[in-house]
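Dear colleague,

Please find the structure below, handed over as promised. My notes on it follow.

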2 protein chains.
Amino acid sequence: MSEPRWLTSEQMRAWRGYLGLVRVLDDRLSRDLQERSGLSMADYEILVRLSEAPERRLRMTELAQAAMVSKSRLSHQLTRMELRALVRREGCPSDGRGTFAVLTQQGYAVLAAAAPGHVASVHEHLLDRLTPEQVSTLGDLSEAVLVHLPPPSGPRCPPGRAGREAVAVADERA
Amino acid sequence: MSEPRWLTSEQMRAWRGYLGLVRVLDDRLSRDLQERSGLSMADYEILVRLSEAPERRLRMTELAQAAMVSKSRLSHQLTRMELRALVRREGCPSDGRGTFAVLTQQGYAVLAAAAPGHVASVHEHLLDRLTPEQVSTLGDLSEAVLVHLPPPSGPRCPPGRAGREAVAVADERA
DNA sequence: TGTCAGTGGTTGAACTGTCAACCTTGATGA
DNA sequence: TCATCAAGGTTGACAGTTCAACCACTGACA
């Protein structure tokens with residue numbers, strides 16, 4: 001390590017802004033969603049992913065990759081959601097180790113009810129505050145960063161980083 | 001509520017990109033910091049805030065506002081950091097209810113040792129991936145959102161929202 | 001057929017964050 | 001001086017996350 005590089009004032013403004021944005025926006029959207037639908041952002045994302053999948057079901061590992069969460073976290077998360085009958089687990093006939101996460105009717109209904117309000121929040125607190133150019137730059141900039149960064153997985157990043165195709169994270173509709 | 005408004009494809013790209021960015025970047029920076037310095041991002045932020053304050057001390061409430069965290073969270077956080085001798089609490093002579101959080105010598109040393117590596121991570125994973133225009137837009141866009149959003153505080157947003165001056169979040173140096 | 005490494009997934013303990021209740025002290029006003 | 005209310009802060013119970021085992025099963029190969 002040579003001379004430490006500090007930040008220019010523009011970089012500082014961007015970085016501090018980013019940190020503030022994340023903290024405050026996440027807080028606001030989570031609260032809105034929780035109050036209006038009784039769902040956490042994590043719940044919501046799982047429901048969206050499953051709703052988009054063929055037959056509304058996905059193997060645990062696929063779901064974890066899609067949602068960019070660890071298998072452990074997904075497993076705990078699914079256990080909680082299963083207790084609320086939003087999803088259910090099913091064994092995989094062709095692979096005795098495998099488990100499917102399956103969206104229940106009720107889970108679908110809850111998601112469908114939650115989606116309009118959630119999207120409205122995203123508009124109200126984020127998108128409507130930005131110019132079209134800023135929206136577009138946000139997309140570009142996120143992609144530019146994500147291209148160089150492996151998704152979070154276990155405690156240590158495995159040497160052969162797999163699953164690089166899906167760079168985005170779902171979150172929008174039923 | 002009238003017709004639900006969905007997202008245009010540009011909006012969707014921005015929103016999914018943002019979600020992916022946050023998840024992956026936070027994960028990466030947290031890990032780097034933890035591995036190199038044994039600090040969490042939350043630890044780091046507290047240390048930075050205190051290091052910038054006069055006499056390296058701040059009242060709990062001021063610190064909580066500056067760091068945009070709840071008082072409860074800060075209290076727990078400080079208890080943990082106190083056990084590691086990074087900070088210490090001191091009573092406030094002029095107000096019997098008050099408590100100061102004070103940066104210790106050791107806390108300062110740990111921060112000073114951690115800062116270059118952390119800043120390097122921010123460069124490597126975020127700033128160096130972006131054009132100067134994108135950096136600038138990130139700053140603008142964050143500010144545009146934050147201006148309309150109160151900082152997270154208690155369970156419910158109090159009607160008179162206080163402490164609106166500090167919109168950014170510190171995170172950069174010792 | 002038996003072994004054995006790797007994959008898919010779960011579990012429990014430790015840690016972090018949230019919420020609501022609580023305690024103490026200060027400020028206000030009768 | 002006393003009652004009352006607000007402010008500053010802490011606490012304990014609980015929800016969610018991470019980490020490191022762990023178990024069950026598959027696939028390959030001897």
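**Sheet of chain A**

A:Gly91 stands opposite A:Thr99 in β3(A). This is a predicted model, in which local features need pLDDT of at least 70 and side-chain atom pairs count only at pLDDT 80 or more, while totals for chains, interfaces and linings use all residues. Residues are numbered from 1 along each chain as its sequence is written, chains are lettered from A and ligands numbered from 1 in the order in which they are written, and side-chain values use heavy atoms, with hydrogens and water left out.

The pair A:Gly91 and A:Thr99 belongs to the antiparallel pairing of strand β2 (residues 87–91) of chain A with β3(A), which extends over five bridges. Two strands are taken to pair if DSSP finds at least two bridges between them. Strand β1 (residues 57–59) of chain A also runs antiparallel to β3(A), joined to it by three bridges. There, A:Leu58 has A:Ala101 as its bridge partner. Strand β3 (residues 99–103) of chain A is largely enclosed by the rest of the structure, because four of its five residues are buried. Buried here means under 20% relative accessible area, exposed means over 50%, and partly exposed is in between (1.4 Å probe, protein chains only).

**Chain A as a whole**

Chain A has six helices and three strands, in the order α-α-β-α-α-β-β-α-α from the N terminus on. Helices (H or I, at least four residues) and strands (E, at least two) are DSSP runs, numbered from the N terminus. Of the 174 residues in chain A, 48% are buried. Among contacts in chain A with a separation of 6 or more, 57% are between residues 24 or more positions apart; contact means heavy atoms within 4.5 Å.

**Core**

The largest nonpolar core holds 96 residues, and A:Tyr18 and B:Tyr18 have the most contacts inside it. Such a core is a set of buried Ala, Val, Leu, Ile, Met, Phe, Trp, Tyr and Cys residues joined through side-chain atoms within 4.5 Å. Apart from neighbours within four places in sequence, A:Tyr18 touches B:Leu21, B:Val22, B:Leu25, B:Leu138 and B:Ser142.

**DNA strand C**

DNA strand C is surrounded by 21 residues, the closest being A:Thr61, A:His76, A:Arg89, A:Thr99 and B:Ser72. A residue counts as near a strand if one of its heavy atoms lies within 4 Å of it. Sugar or phosphate supplies 66% of the atoms of DNA strand C within 4 Å of the protein, and bases supply the rest.

- A:His76 has a polar side-chain atom 2.7 Å from a base oxygen of DNA strand C.
- B:Arg73 has one 3.4 Å from a phosphate oxygen of DNA strand C.
- B:Arg80 likewise has one 3.4 Å from a phosphate oxygen of DNA strand C.

Two or more residues of the surface near DNA strand C come from each of α3 (60–67) and α4 (71–83) of chain A and α4 (71–83) of chain B. The most, five residues, come from α4(B). By class, this surface has two nonpolar, ten polar and nine charged residues. Ala, Val, Leu, Ile, Met, Phe, Trp, Tyr, Cys and Pro count as nonpolar, Asp, Glu, Lys and Arg as charged, and the others, Gly among them, as polar.

**DNA strand D**

Around DNA strand D there are 21 residues, of which A:Ser72, B:Thr61, B:His76, B:Arg89 and B:Thr99 come nearest. The side chain of A:Ser72 places an N or O atom 2.5 Å from a base nitrogen of DNA strand D, and that of B:Ser72 places one 3.1 Å from a base oxygen. A polar side-chain atom of B:Arg89 is 2.6 Å from a phosphate oxygen of DNA strand D. The surface near DNA strand D takes its largest share, five residues, from α4(A).

**Backbone of chain B**

Most residues other than glycine have a negative phi. B:Glu55, not a glycine, has a positive phi of about 60 degrees. B:Glu55 lies in the loop between α2 (41–52) and β1 (57–59) of chain B and is exposed, with a relative accessible area of 66%. B:Met68 also has a positive phi, near 55 degrees. B:Met68 sits in the loop between α3 (60–67) and α4 of chain B and counts as buried at 5% relative accessibility.

Regards

Definitions and conventions. Polar contact = N/O pair within 3.5 Å; in protein donor to acceptor, adjacent residues only side chain to side chain.
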